[in-house]
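Subject: Structure for you to look at

Hello,

Here is the structure I said I would pass on. Please open it beside this message and follow along; my notes come after it.

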Amino acid sequence: IPVSLDGNTLAVVAADPSRVQALDTVATMTGLTVRTSVAPLDAIEEALDRAHGMAPNQPLEIPEELLASLRSEAPPVDLATSAALAQAADDCNAEDDAPIVRLVNLILISAVQCNASEVVFEPRPRSLEVFFKRGGRWRHEMSPPQLTAAAIASRIKLMASLDPADRLRPQCGLSQCRHPGMPPLPMRVVT
């Protein structure tokens, strides 16, 4: 990252100064002489977070009462459940009592508030992981209970007018997320 400019010399900090090609590219693009200093990757990432106005590595917390209701319901997903989840399909602030709707809304609103350009829900054998892309970098944001994975997928598919029952073929759809004080935000959903 650049740290200072002194005349024709740009001072940059790098975690790996052996990446000469990257440093040469900076020199070519700026037309300046590049002077390199070394810093730990964590310190560089923290500086980038501050520059982008992001809180460093603070994962999204699920409120305890929502977590308890998610665990107690253990929502099986079928077409009846999917129809219930569709009630507030494009309203990210729906005051719906369904815990899955509240959880998805929490995730989407958090993504909007931290200026995430992408959100990925990644099911794993023993967990579900949520990642936000902010400032060009992927960050792990949260790990909702694994038992919610199918219901979360159904909710998001319904928001984009996709078929929640079709899990074998890739699907692509569009939706909008509405948040008070902001214009509707377009969402592209790909499964």
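Helix 6 is largely enclosed by the rest of the structure, because nine of its eleven residues are buried. Please keep in mind that this is a predicted model. The buried residues of helix 6 are Ala149, Ala151, Ile152, Ser154, Arg155, Ile156, Lys157, Leu158 and Met159.

Take Ala149 as an example. Ala149 belongs to helix 6, which covers residues 149-159. Is Ala149 buried or exposed? Its relative accessibility is 15%, and buried means under 20%, so Ala149 counts as buried. Between Ala149 and Glu122 there are 8.9 Å in space, C-alpha to C-alpha, although the two are 27 residues apart in sequence. Just after helix 6 comes Ser161, with a positive phi of about 60°.

In soluble globular proteins, nonpolar side chains tend to be buried together. The largest nonpolar core here has 21 residues, and those that touch the most other members are Val104, Ile107, Leu108, Phe132, Ile152, Met187 and Val189. Which elements give two or more residues to this core? They are helix 5 (99-113), strand 5 (128-134), helix 6 and strand 8 (185-190). Helix 5 gives the most, with six residues.

Phe132 deserves a look of its own. Leaving aside residues up to four places away in sequence, Phe132 touches Ile107, Ser110, Ala111, Cys114, Ala116, Glu118, Val119, Arg137, Trp138, Arg139 and Glu141.

Three strands form an open sheet in the order 1-2-3, and their pairing is mixed. Strand 1 (2-6) and strand 3 (33-38) are at the edges with a single partner strand each, so one side of each has no neighbour in the sheet. On average, neighbouring strands of this sheet are turned by 25° against each other, direction ignored.

How many bridges join strand 2 to strand 3? There are six, and the two strands run parallel; strand 2 is made of residues 9-14. In this pairing, Leu10 stands opposite Val34 of strand 3. Helix 1 (residues 20-30) lies across strand 2 and strand 3, and runs at about 145° to strand 3.

Regards

Note on methods. Residues numbered from 1 in each chain as written. Predicted model: local features only at pLDDT ≥ 70, side-chain atom pairs only at ≥ 80, totals over all residues. Heavy atoms only, no water. Pairing = 2+ DSSP bridges. Helix = DSSP H or I, 4+ residues; strand = E, 2+ residues; numbered from the N terminus. Axes fitted to C-alpha atoms, helices over the stretch in contact; angles between N-to-C directions. Contact = heavy atoms within 4.5 Å. Buried < 20%, exposed > 50% of the residue type's maximum accessible area, 1.4 Å probe, protein only. Core = buried A, V, L, I, M, F, W, Y, C linked by side-chain atoms within 4.5 Å.
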